[in-house]
Amino acid sequence: MVNIGNDWDEILKEEFCKDYYLNLREFLKKEYFTKTVYPPMQDIFNALRYTSRADTKVVILGQDPYHGHGQAHGLCFSVKPGVALPPSLKNIFKELSDELGIPPKSSGELTGWAKQGVLLLNTTLTVREASPQSHKGKGWEILTDKIIEMVNEKDSPTVFMLWGSNARAKSSLITNARHLVLECAHPSPLSAWNGFFGCGHFKLANEFLRANGLAQIDWSRTDK
């Protein structure tokens with residue numbers, strides 16, 4: 001039913017057979033057939049395809065995908081080249097510039113992060129066009145909670161970046177003392193000035209990885 005192409009297939013195979021996921025799958029079949037839904041069906045699991053569990057060093061949690069045409073492609077906060085930068089992503093790039101001196105990008109694609117071990121996971125993996133949170137409560141959260149729990153069980157130290165109340169609510173799933181949990185406000189223009197700007201998360205993540213003998217993330221390498 002689902003072919004991710006790395007260790008997530010074995011890790012999640014039982015989840016894909018459970019009633020909640022089968023019900024979600026039927027819901028999605030109807031939604032994709034009768035509505036405009038993002039991301040494209042083949043991109044739903046891109047976060048897992050680009051970043052195996054074994055390779056995950058940083059987790060950034062989003063809420064649900066962008067709901068505008070051509071934006072979402074399965075990685076939280078990321079948009080494909082040529083798509084205008086959403087406001088939250090502009091603020092992420094601003095924080096990167098302030099923290100690390102990385103010039104803001106014109107392209108909003110974050111695939112380069114994913115390929116370095118940054119799991120760019122939304123807690124809901126699909127959304128109806130122009131209808132934010134329209135697929136909330138349909139079953140995705142059960143699956144993505146499981147994904148967070150499986151990363152939590154890793155022996156290797158991992159950084160969890162939890163931005164905003166929705167992501168911060170997942171902190172209870174992260175119980176492994178090996179990991180670093182970084183929390184702050186969401187990068188949305190509505191909240192970025194309440195703690196996202198100046199959070200220092202990108203620098204702190206690399207300091208933690210370096211202290212634990214792991215390769216740092218090159219935050220300037222965002223595209224493929």
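Reply: Buried means under 20% relative accessible area. The model is a predicted one, and in it both Phe16 and Phe45 are buried.

Me: Why is Phe202 called buried?

Reply: The relative accessible area of Phe202 is 0%. The cut-off is under 20%, so Phe202 counts as buried.

Me: How do you know that Trp219 is buried?

Reply: Trp219 has 2% relative accessibility. This value also falls under 20%, and therefore Trp219 is buried.

Me: What makes Phe202 and Trp219 an aromatic pair, and why is the pair edge-to-face?

Reply: Their ring centres are 4.9 Å apart, and the limit for a pair is within 6.5 Å. The planes stand at 75 degrees; over 60 counts as edge-to-face, so the pair is given that name. Phe202 belongs to helix 8 (residues 201-211) and Trp219 to the segment after helix 8, 17 residues apart, and the pair thus links distant parts of the chain.

Me: Which residues form one aromatic cluster with Phe202 and Trp219?

Reply: The cluster also holds Phe77, Trp113, Trp163, Trp193, Phe196 and Phe197.

Me: What makes Lys94 a charge over the ring of Phe197?

Reply: Lys94 lies 4.6 Å from the ring centre of Phe197, over its face.

Terms used: Residues numbered from 1 in each chain as written. Predicted model: local features only at pLDDT ≥ 70, side-chain atom pairs only at ≥ 80, totals over all residues. Heavy atoms only, no water. Buried < 20%, exposed > 50% of the residue type's maximum accessible area, 1.4 Å probe, protein only. Phe/Tyr/Trp six-rings, centres within 6.5 Å; stacked < 30°, edge-to-face > 60°. Helix = DSSP H or I, 4+ residues; strand = E, 2+ residues; numbered from the N terminus. Lys NZ or Arg CZ within 6 Å of the ring centre and 35° of its normal.
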